[in-house]
Structure formats: structure tokens, C-alpha cells
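Here is a friendly walk through one protein model, heading by heading. Please keep the viewer open as you read.

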Amino acid sequence: MEEVGTGLLDRLDAMQRVAASAPGGPLLIVAGPGTGKTRTLTHRMAYLCAELGVFPERCLAITFTRRAAAELKERLEALLGDVAEDITVGTFHSLGLIVLKENAKAAGLGSGWRIADDQERIQAREQAGEDDAAYRKLLRQQDLVDLDDLISVPVELLRNDPALVEKYRRRWQWIFVDEYQDVDELQYELLRLLSPPDGNLCAIGDPDQAIYSFRGADVQYFLRFNADFVDARLVRLTRNYRSSAPILAAAVQAIAPSTLVSGRRLDPARLDPEAALVGRYPARSVADEADFVLRSIDELVGGLSHRSLDSGRVDSRNAPVGNLSFSDIAVLYRTDAQSGPIVDALSRAGVPVQKRSHNRLRDRAGVPEITRELRHPGASGPLAARLRSAAQLLAQRYATPTLDGDQLVPEDIWSAVELMMPLAERVGDDLAMFLQQLATGAEVDSLDPRAEAVNLLTLHAAKGLEFPVVFLVGCEDGLLPLRWPGSAPSEEEIAEERRLFFVGLTRAQDRLYVSHAAKRFRHGKEREQSPTPFLDVIDSGLFERLGEAAPTRPKDRQLRLL
Ligand code: ATP
Ligand code: MG
């Protein structure tokens, strides 16, 4: 635990300190990537509790993923010690769950209510046809709720019960929301009910990183914060501590055509004259691109064949090439499908990988099947052990293909188990909690930043994270911006894709590589690809073109690690 007291805000710069120590009332912190928004948020919370006597149990912090919530909690514990346990930290879904649990009866739910699994939802949808009201009624008759209900039912309850609103407003007098640019209508409604217009609501975010409109998020809520909350105080942070100057310059140029922040500024705090330029690799094919990533990783970690896995994680910022760990490296892509060739190339060379998307955990192949096994009546004991034996059973069952066309393969089962295991270990033997968290969680929640493995992430999943080395692969027109054959994306869609590109570039601390393949198999055939126009607005002087003189890689080299 750090020294509580005078030193608490010492690790912040002047503007961060202004934000962290601002008085109560609505507060909007608008700042670009890497400016310390999340850091400022934790310090503000710690400062309020440790210095101003705010009770931790009066604080509610909402983040976008459970992984982010866990990290926030960890950082709060480091600053405040045990006191941090009394702060409520979670996602919007977990907040909805709290309210629903405490008011299940009022919501017309029986004591055994739970979140519907896939099969139950599909069944209800089929029975109800197009009629969404009928669909919800069917669920409710079985004491089931779906993910939307987790927010909409609490909103309904609160709307109709001023006393309930008062109760929660008294409980959570200080509310903090990270990544506020990605709230959707219902989440926004919930916040408005929980926080009075002059309440202590602190919203933090960056409109230029709004990337979830496909799930209903709307950056307008961010942009009109001032109108919704009385006398809102605005603080801007402009110093970027994350990225080297060339990376930051490239990112700032990349977002310029679509920026939603008037007078956007992002100044590099890191001014290392030796900083590497952005590496740009024009690959001949997808296989060549994967090979480029592998070759570069080989170089970054100082030779795969010599690499010892027990080297442990050190602070690798600015580590020279050759001294990096696998965990320092992330490969980012627009669509999950792009990960295949990269996983193959890295795995063949024995490079451990950790692959996560932003999709819901329960949508992953194998996860329904496993949860059904776990629900067998009479089963008990630690979930981790039960998970393992369910997986063994299923892997055996799926090892021989059945006549009724089972699509699953044992590999699906094992990779699903790998994603579910950290959650199982956390919840002990509470099956209900496990299933709840599974239904609301995303794949990226189980990302272990310390795992000695290269991180393979969709751009959406990489939000909020940072890595010393980032490869942004597939920087091609039609892929980023994503486009389906025969359809033209709207201006708005292109702008969102550009923001996604910006999010990708700004995950990098020391080294950033962008690559594009000249040919790619997409939508049923091999297509000629051209680099994304998003690259065109970046000054060519910020790039180092790689691979002009094609380096050779001995094909027969044996890279065995595990
Ligand atoms: P994003 O928009 O990507 O979520 P962010 O604004 O939340 O970014 P943080 O993740 O909080 O940024 O901080 C980025 C990096 O900069 C972290 O490694 C953090 O520790 C570091 N950092 C932030 N503020 C300072 C500071 N005042 N001094 C030194 N390092 C800092
Ligand atoms: Mg952040």
C-alpha cells in the first residue's frame, strides 16, 4: 500500500491533479488515449476516500469490461488498501444484477430466477416470432431474464418507484464511469436515474474512441453531458504518457479527418530521440504477413529457439530489441477470422498465444455444451474441477464425429475451458454466480496481462489496454474500414472504422508495426487487396518501410519451446 495522505496525488501531472481533486458535482474528463484517464480516475477515488472522508461504500465505479473492473479494483487496493473492498466496481451488467437481485420480487421474478442460456433464448424467440413483448413474457414465465433485461428491468423499476431511486442515490453518492463515450441509451437512462442532475457523477472518456455503435452505443450522450448535468465541470488532459512521439504523431494524423473533439490536442510526454518509426510491411499474401509477424517476434524476444519461458515479466518499456517478453507483444486485427493464419504461424513455431475477442463468452463454440454439463442436478464441488471433468467427457464425446452432424471438435471444448477456467477459479463452487458471470462476460475478461504469451486481440477487445509492441495487421481497404461486397459504408460507419484504427494505433508504447496483404481470401474467393486509405493521411516520413529487400528465413529451422 502506498503512503496515504499528502503524496497521493504526487504521481499525477498538474491537469490530472486538477481532475482528481475537483470538488463534487458533475465532472467530465475528456482526454485522448494514454493521457492517464484511468490512472486519474483511480487517484480521484482514492483521494476522495482517503483525504476528503468520502465513505468507500458510497462510491460506484463502472467500467466497460469485467477485466477493466478487476484492474481498477487492483489499482484501488494498491492505493487504499483493504478499504478499497467497500467500493462497488463493476460493469453496467453487474450493476443491473445488483439492482435486480435486490428487487427481484418487485420485478415479478421468482426466487429461482436466472439468466437464460442460449437454448432457452432461442426457444423463446422461436415461439414468440417477431413479437418482442411475447418473447419477454415467455422468459418471465420461466423466471428467466436476458442481457437486455439486466439493464431495462432495473430502469423500469426505478422509473416507477421514486423511493427506490432515493435509496440508490443515497447508497451511491459518488459515481464514476470510465469509457463513457460507449454508453448506450439504456445504460445512460440507468445513470440518469442513479445520479441526480447535480450529482457527483464523474464521466471519463474520449469521443474519438467511440467504437461500439454496432451494439447500440451512442457518442451523443458524451457530447451532451453538459446539457444533461447541471454546471458540469470539464477537464481536458492532453499529455500522452503511453506512446513514443512517432507513434503518437501517426495516430493524431490518422484520426484528424474524423475527430469529434474540437481543438483536440495530444502532446507526447515521451520525447526519446532514438524512438523507432512506425514499421510498415507490405505483405505479398496473408501467409507472408503471418510470417512477418513471426520473424519480427523472433527478433524482438532475442531468438525464439533460445528463449526461456521462465524469464518472468520485467518492466519492458523501452527494452531494446531482443529483450522483450511474449507478453509485451500484441497482434491486433479487425475481425476474429484474421487470427487464424497468425495463430497457425506462431503456434507452429512454439510461440505461446493468448487469443481473445470482444464477443460474449457464452457465444464461443463449446461454452453452451459445457454449461449444460455443469448444470446436471446433484453435481457439487469446486467448479474448476467440475469444469475439467465436463470437458474431458465432452472431448471424448466429440472425438468421434456423430451422424447428427455435430460441429464441435475437442479443440473447441478445450479452448472454451481455457477461457472459462479463470472465472471458475474465482467463483469457487458457486454455480449460479458462475453462470451469471459467464452470460454477461466477454472473452477479453479472462485476458491475463502477465501470462507469458503473445496477445492476439480484436481491435474492440484491445480498448483501454497498452503494450510495448503492437502489430496492427490487415490494414487493407475493405477490412479496415470493413466493407461487405456490394455495399458501401456510410460516412458515419467510415468514421467509426477510423476511430477503431485510431484505437489500434494508440495501444502501442514503443514499437508499432502496420501491415497489409496484397491478396486475401474473403467472402468466398481470393481477392486483390489495397492498403487502407486510412494510412494515406499519415506523413510518410513517420514510416519505416520494411521488407523491401525480402529477408530470408531458413525454412527448416526448428523452433521448439514447450
Ligand atoms: P485509454 O484512452 O487508452 O484508455 P488512458 O487515458 O486511460 O488511455 P492510462 O491507461 O490511464 O490512459 O495511462 C496510460 C499510460 O500512461 C499508463 O501506463 C500510465 O501509467 C501512464 N501515465 C499516466 N499518467 C502518468 C503520469 N502522470 N506520469 C507517468 N505516467 C503516466
Ligand atoms: Mg483508459
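## The annotated binding site

An unreviewed UniProt entry marks a "binding site" at Ala31, Gly32, Pro33, Gly34, Thr35, Gly36, Lys37 and Thr38. UniProt positions follow the numbering used here, feature names are shortened, and annotations may be inferred rather than shown by experiment. The model is a predicted one, in which local features need pLDDT of at least 70, side-chain atom pairs count only at pLDDT 80 or more, and totals for chains, interfaces and linings use all residues. Residues are numbered from 1 along each chain as its sequence is written, while chains are lettered from A and ligands numbered from 1 in the order in which they are written.

Ala31 belongs to strand S1 (residues 27-31); helices (H or I, at least four residues) and strands (E, at least two) are DSSP runs, numbered from the N terminus. Ala31 counts as buried because it has 25 C-beta neighbours inside 10 Å. The cut-offs are 20 or more other C-beta atoms within 10 Å of a residue's own for buried, 12 or fewer for exposed, and partly exposed in between, with C-beta atoms placed from the backbone. Leaving aside neighbours within four places in sequence, Ala31 is in contact (C-beta atoms, placed from the backbone, within 7 Å) with Lys37, Asp206, Arg236 and Leu237.

Gly32 sits in the loop between S1 and H2, and is buried too, with 28 other C-beta atoms within 10 Å. With neighbours within four places in sequence again set aside, the contacts of Gly32 are Asp206, Asp208, Asn240, Arg264 and Leu266.

## Around ligand 1

Which residues come nearest to ligand 1? They are Gly36, Lys37, Thr38, Arg39 and Tyr241, out of 17 residues around the ligand; a residue is near if its C-beta atom, placed from the backbone, lies within 6 Å. Helix H2 (residues 37-51) gives the most to this shell, with three residues.

By class, the shell has four nonpolar, seven polar and six charged residues. Here Ala, Val, Leu, Ile, Met, Phe, Trp, Tyr, Cys and Pro count as nonpolar, Asp, Glu, Lys and Arg as charged, and the others, Gly among them, as polar.

## The annotated domain

The unreviewed UniProt entry also gives "domain: UvrD-like helicase ATP-binding" for residues 10-244. This span is 47% helix and 15% strand, and its end C-alpha atoms lie 23 Å apart.

## A helix pair

The axes of helix H17 (residues 410-427) and helix H18 (residues 431-440) come within 9 Å and cross at roughly 145 degrees. Axes are lines fitted to C-alpha atoms, for helices over the stretch in contact, with angles from 0 to 180 degrees between N-to-C directions. On the H17 side, Met420, Leu423, Ala424 and Val427 meet Met433, Phe434, Gln437 and Leu438 of H18. This contact has seven nonpolar, one polar and no charged residues.

## Backbone details in loops

Leu480 and Pro481 are joined by a cis peptide bond, with omega about 10 degrees. Pro481 lies in the loop between strand S15 (467-472) and helix H19 (491-505).

Asp231, though not a glycine, has a positive phi of about 50 degrees. It lies between helix H11 (225-228) and strand S8 (233-237), in a loop, and is exposed, with 9 other C-beta atoms within 10 Å. His523 has a positive phi near 50 degrees; its loop runs between strand S17 (519-522) and strand S18 (525-528).

How values were computed: Two residues are in contact if their C-beta atoms, placed from the backbone, lie within 7 Å.
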